[in-house]
Amino acid sequence: MVCKEWPPVNKDEWRGVWVFLETWGDSIEEASLQLLGEGRRLADRLEVPLTGIIVGHDLGDLPKEAIYRGADQVIVADSPDLLTYNPQKYSQALYKLIVKYKPEIVLFPGTRRGREVASSVAIPLRTGLTADCTAFDVDERGNLIQIRPAFGGKIFAKIVTPDRRPQMASVRPNVFPTPPRDENRSGEVIREPVKVDPSEVELLEFRETSQVEMPIDKAKVVVAGGYGLGIPKGLEMLRELARLLGGALAGSRKIVDLGWLPRSRQVGQTGKTIRPDLYIAVGISGTSQHMVGVQSAKVIVAINRDPKAPIFESCDYGVVADYREVIPLLLEELRKRLASD
Amino acid sequence: MRILVGIKWVPRVDQMKFDPVTKTLVRVGVESVVNPPDLNALEMGLQIRDKVGGEVIAVSMAPPVAKEGLMEAVSMGADRGILLTDRRMAGADTLATSRVLAEAAKKLKADLILVGEETIDSATGQVGPGIAVHLGIPFISYVHKVLEIGDESITVERESERGVEVWRLGLPALLTVVLGANKPRRPTIRGKIRAKRAIDFWSLDDLGIDPECVGFPGSPTRVVDMVVVEPPKRRGEIFQGEAAEAAKWLADKILEVLKGGL
Ligand SMILES: Cc1cc2nc3c(=O)[nH]c(=O)nc-3n(C[C@H](O)[C@H](O)[C@H](O)COP(=O)(O)OP(=O)(O)OC[C@H]3O[C@@H](n4cnc5c(N)ncnc54)[C@H](O)[C@@H]3O)c2cc1C
Ligand SMILES: Nc1ncnc2c1ncn2[C@@H]1O[C@H](COP(=O)(O)O)[C@@H](O)[C@H]1O
């Protein structure tokens with residue numbers, strides 16, 4: 001017996017791997033490009049085509065970019081009503097194309113918009129959607145094995161959608177590398193005009209935050225501050241430390257929530273996953289929601305005045321001290337030694 | 001205005017420790033709490049109610065123990081709680097969970113539904129949007145502020161990776177609320193006393209949903225394996241002592257790492 005609300009599915013009719021590409025202005029979001037790399041691997045394994053899917057209007061040469069990054073073809077769900085992002089309209093457009101083309105797998109970037117669209121599309125399809133995956137595999141029956149952390153990264157769950165199609169997953173940004181760009185690749189760009197209903201949700205205003213400093217997911221050294229800094233000014237010392245080491249400044253969710261640093265600098269489960277050579281955490285307690293974002297750092301250094309802070313259980317080098325005492329001395333020490341080198 | 005708040009009673013994942021001998025997660029002695037951002041959703045709901053009037057109802061789909069979470073919500077100021085509990089609801093993934101919660105919202109004729117951004121145990125952030133889409137109402141995720149609320153619409157602010165966005169939604173609508181959006185009020189003694197008798201229990205029959213569409217049968221996903229992750233081995237060298245010595249020790253380590261020596 002199956003739920004009568006579920007549209008019947010003949011699995012054999014569903015074929016191909018799709019990647020939902022989130023666009024911002026004239027570029028494709030990095031997290032989506034990363035999916036083209038992993039999508040390519042899965043498509044080759046299943047011996048099916050890889051399709052990039054873009055919802056929007058007036059996109060110029062943008063769709064070709066997805067082909068250079070590994071897609072065999074790109075479908076553009078096109079309508080003037082889709083010029084700017086709207087969760088209801090975007091998911092409606094995507095839903096229509098999924099029903100028409102019947103891909104067996106659809107991957108979404110685990111960004112805020114990506115997750116919104118994914119959650120909306122899965123419902124009318126009555127199919128499975130696995131959030132925030134960090135790895136994929138294929139089982140002997142050709143089902144997608146979706147691997148994701150649960151319980152704050154303490155467990156990895158393997159999840160399949162055995163009977164429904166498409167198999168849908170959102171994917172944690174920065175887990176997969178961005179595939180190289182190859183302008184010699186070619187492929188078809190299909191424009192699909194779609195009609196969408198008016199929406200009951202409307203974007204009134206957008207204020208872009210400037211991104212002038214080095215992004216934390218590209219830096220080899222990341223210095224991060226937490227609530228233990230006590231005041232926003234405490235970050236100045238850390239900024240200086242980051243500058244001296246050629247690194248970037250990041251923070252825990254608590255200080256980002258307080259507005260001390262922009263959201264793009266938050267490390268952790270609901271922030272960024274980073275893998276620097278060196279991570280220096282100052283005044284950060286080290287809960288699993290934070291540490292899951294730096295698990296892959298080569299070396300973790302912690303400065304915390306509480307010897308019982310959980311971060312001391314998952315660092316390479318720890319100093320039990322008040323940061324206000326130790327950081328100025330550390331800066332002095334490093335300046336001296338870097339100058340004499 | 002009738003406001004529904006989704007409350008999930010979750011284990012404190014931070015208290016779960018890896019046992020290196022049995023290679024499992026130790027779950028005994030781990031406390032449960034109301035999922036943290038759900039308290040922010042609740043506080044947002046209470047502030048709206050206090051301003052425009054109406055009722056805040058805390059709702060949870062869970063086994064009977066989760067009554068505690070709803071009682072906490074009532075002791076903080078929710079008018080009442082409803083526990084959707086039925087053995088046939090067990091084993092639900094996000095599709096089946098949102099299906100049940102949507103039915104409760106329909107029955108209660110909710111004008112506004114508020115949920116947390118995601119849970120600390122399953123962390124999908126999919127249940128909220130799922131409820132909205134089942135009901136055919138608009139939603140926006142990751143809201144931190146309500147700018148305006150009227151009879152027909154609500155205007156909210158949220159952050160995306162690239163900036164701050166202001167959205168207007170026609171009511172009824174659903175919002176997912178971020179952790180830290182506000183400061184949840186504390187439970188009161190009076191609230192605690194009231195909470196004892198403010199929780200109702202609804203079964204599948206009360207909701208009138210086909211059992212095939214909820215719980216395990218109503219869930220398209222299957223967990224085929226769970227692997228406990230051994231925390232990555234780190235050196236764990238801790239320096240405790242005089243600050244000047246600590247700075248020297250740390251400078252040594254940092255410079256060695258930068259030179260690729262470590
Ligand atoms: C659904 C959900 C998602 C979350 N996602 C994230 C996420 O993505 N990223 C994230 O970071 N968190 C996340 N969190 C929050 C997380 O659980 C912690 O609350 C948060 O990381 C704590 O931040 P903190 O370490 O800066 O602050 P605290 O936990 O308050 O720790 C401050 C530390 O500073 C130390 N300290 C105090 N004074 C000094 C001093 N003078 N010198 C040195 N040390 C000092 C203290 O001993 C303490 O250990 C999430 C939580 C939830 C519920
Ligand atoms: N079983 C449930 N009962 C009530 N609310 C829930 C339940 N599961 C999830 N929610 C709500 O949906 C939010 C997102 O949950 P999740 O999609 O599991 O990350 C939570 O913060 C809750 O507010």
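Two strands pair if DSSP finds at least two bridges between them. That criterion applies to the first stop in this predicted model.

Select strand 7 (residues 129-133) and strand 11 of chain A: the two run parallel and are joined by 3 bridges. Within strand 11, A:A169 is the bridge partner of A:T130.

Keep strand 11 (residues 167-171) of chain A and show its side chains. A:Q167, A:A169 and A:V171 point one way, A:M168 and A:S170 the other way, and all are buried. Because 5 of the 5 residues are buried, strand 11 of chain A is largely enclosed by the rest of the structure.

Next, select ligand 1 and the 28 residues that surround it; among the closest are A:Y227, A:K254 and A:H290. Colour by chain here: the surrounding residues come from chains A and B, so the site is shared between chains. Colour by class instead, and the shell divides into 8 nonpolar, 14 polar and 6 charged residues.

An oxygen atom of ligand 1 is 2.9 Å from a polar backbone atom of A:R253. A nitrogen atom of ligand 1 lies 3.2 Å from a polar backbone atom of A:G228, and a polar side-chain atom of A:D322 is 3.0 Å from a nitrogen atom of the ligand. The protein covers 88% of the 990 Å² of accessible area that ligand 1 has on its own.

Finally, select helix 6 (253-257), helix 7 (288-291) and helix 8 (323-340) of chain A, the elements that give two or more residues to the shell around ligand 1.

Notes:
Residues numbered from 1 in each chain as written. Chains lettered and ligands numbered in written order. Predicted model: local features only at pLDDT ≥ 70, side-chain atom pairs only at ≥ 80, totals over all residues. Heavy atoms only, no water. Near = heavy atom within 4 Å. Polar contact = N/O pair within 3.5 Å; in protein donor to acceptor, adjacent residues only side chain to side chain. Areas by Shrake-Rupley, 256 points an atom, 1.4 Å probe, with all protein chains shown as cover. Helix = DSSP H or I, 4+ residues; strand = E, 2+ residues; numbered from the N terminus. Nonpolar A, V, L, I, M, F, W, Y, C, P; charged D, E, K, R; others polar. Buried < 20%, exposed > 50% of the residue type's maximum accessible area, 1.4 Å probe, protein only.
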